[in-house]
Amino acid sequence: ANPQLANVAVDIAQNTYAAGTHFLEGRNPYVERCQLGHRIEPGPHVVAGPDGLEMYGLRYRYGFPYFPAMMLAYLPFRSAFEGYHAIRAGNAFYLLLATLGVAWLAARSVRREDRLLAIGLSVCAYLAIEVLAPELFQLAVTDVCIAAVAVLGYVAVSYDRPVLAGVL
């Protein structure tokens, strides 16, 4: 592991990690500053000031900009890994989960005799996405947890489980 990358992460990872820190300390990540590396420029209907923004007349103080599941999905990894490595470990888990979901869908989509080939090709195609490894493991982009849940939602649809699919 490159020690120089230990503290390198894009804004979504920084936001997610900061929100988790606030949450674990008993503070609300939606009212505490979580957007550490992102500067929003003033423009039409956007007034930027030292304490936050006003967008279309609403006050915004750089709180966590995503739904709670994004932050909560990475909290279990914080007990075993330090800093942004917790996000990277979570990404490895969610990549595995998404890959299993892709394989499961592939197996359900073809005839029994073609399943092994379909699984192999679909997993290779998924893992061959050029930006996947650098974004997940160098920059710690957290979107893979959403992809994993979405793929599992499609698995639920393939089993005609609309309520489970809706929850996912």
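**View 1. Surface of the protein chain in a predicted model.** The accessible surface comes to about 10,300 Å². Carbon and sulfur atoms hold 64% of that surface. Of the 168 residues in the protein chain, 37% count as buried.

**View 2. Helices and strands of the protein chain.** The chain has eight helices and three strands. Along the sequence, they follow the pattern α-β-β-β-α-α-α-α-α-α-α. Consider the contacts in the chain with a separation of 6 or more: residues 24 or more positions apart account for 62% of them.

**View 3. Helix H4 against helix H7.** H4 and H7 (residues 144-158) have axes that come within 8 Å and cross at roughly 25 degrees. Angles under 35 degrees count as roughly parallel, so H4 is roughly parallel to H7. Their crossing is left-handed. On the H4 side, the contact includes Asn 91, Tyr 94, Leu 97, Gly 101, Trp 104 and Arg 108. On the H7 side, Val 144, Cys 145, Ala 148, Val 151 and Tyr 154 are among the residues that take part. By class, this contact of H4 with H7 divides into 14 nonpolar, three polar and one charged residues.

**View 4. Helix H4 against helix H5.** The axes of H4 (residues 85-108) and H5 (residues 115-127) come within 8 Å. They cross at roughly 145 degrees, and the crossing is right-handed. H4 brings Leu 95, Ala 98, Thr 99, Val 102, Ala 103, Ala 106 and Ala 107. H5 meets them with Arg 115, Ala 118, Ile 119, Ser 122, Val 123, Tyr 126 and Leu 127. The contact of H4 with H5 has 11 nonpolar, two polar and one charged residues.

Conventions: Residues numbered from 1 in each chain as written. Predicted model: local features only at pLDDT ≥ 70, side-chain atom pairs only at ≥ 80, totals over all residues. Heavy atoms only, no water. Axes fitted to C-alpha atoms, helices over the stretch in contact; angles between N-to-C directions. Helix = DSSP H or I, 4+ residues; strand = E, 2+ residues; numbered from the N terminus. Left-handed = near helix turned anticlockwise from the far one by under 90°. Contact = heavy atoms within 4.5 Å. Nonpolar A, V, L, I, M, F, W, Y, C, P; charged D, E, K, R; others polar. Buried < 20%, exposed > 50% of the residue type's maximum accessible area, 1.4 Å probe, protein only. Areas by Shrake-Rupley, 256 points an atom, 1.4 Å probe, with all protein chains shown as cover. Parallel < 35°, antiparallel > 145°, perpendicular 65-115°, else oblique.
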